[in-house]
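Some comments on the model follow, as numbered points. Please read them alongside the coordinates.

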Amino acid sequence: MGDDVHRDDAFWTITVLEPILVQGPDPTATAINDAVMDVATIPISSYVEGPRVEAHHCPDCGADRGWTAFGHWTDPARLVCPAGHTWTPWEDDPA
Ligand SMILES: [Zn+2]
């Protein structure tokens, strides 16, 4: 068996089946709420709750599940949504 990998170099992938909930003020939610308040034809169910707990979602298409997360232990995670968009969540820690 030759899979004796160095831990620091391990490349991992995780399939994310459920929404990731993030806490705290979400500028996206605020923007959506503002838009909903401006456009009265949007059903009330479109109203985003918050700024409490929000589901993290794809910045391009808004998918909140079905992603694949991948990366190295030493690097920030990257996420891929079902439509193939790739982004780095939680980039507030500059490497
Ligand atoms: Zn997407």
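1. Helices (H or I, at least four residues) and strands (E, at least two) are taken here as DSSP runs, numbered from the N terminus. On that basis the protein chain has one helix and six strands, and from the N terminus the elements follow the order β-β-α-β-β-β-β.

2. The protein chain has a mean pLDDT of 72, with 51% of its residues at 70 or more. Confidence is lowest in helix α1 (residues 27-38), where the mean is 66, and highest in β6, at 91. Where pLDDT is low, the predicted coordinates should not be read in detail.

3. The sheet comes next. Four strands make up an open sheet with antiparallel pairing, in the order β1-β4-β5-β6. The edges are β1 (11-16) and β6 (86-87); each has a single partner strand, so one side of each has no neighbour in the sheet.

4. Taking the pairings in sheet order, β1 and strand β4 (residues 67-72) run antiparallel and are joined by six bridges. Within this pairing, tryptophan 12 is opposite glycine 71 in β4.

5. β4 and β5 are also antiparallel, with three bridges. These two strands form a hairpin, and five residues lie between them. Threonine 68 has valine 80 in β5 as its bridge partner.

6. β5 and β6 run antiparallel and are joined by two bridges.

7. Is leucine 79 buried or exposed? Leucine 79 counts as buried because it has 23 C-beta neighbours inside 10 Å, and the cut-off for a buried residue is 20 or more. Leucine 79 belongs to strand β5 (residues 78-80). Leaving out residues up to four places away in sequence, leucine 79 touches Trp67, Ala69, Trp87 and Pro89. The C-alpha atoms of leucine 79 and isoleucine 14 are 9.3 Å apart, although the two residues are separated by 65 residues along the chain.

8. Two totals for the protein chain complete the note. Of its 95 residues, 7% count as buried. Among contacts with a separation of 6 or more, 52% are between residues 24 or more positions apart.

Key:
Residues numbered from 1 in each chain as written. Predicted model: local features only at pLDDT ≥ 70, side-chain atom pairs only at ≥ 80, totals over all residues. Buried ≥ 20, exposed ≤ 12 C-beta atoms within 10 Å, placed from the backbone. Contact = placed C-beta atoms within 7 Å. Pairing = 2+ DSSP bridges. pLDDT = per-residue confidence, 0-100.
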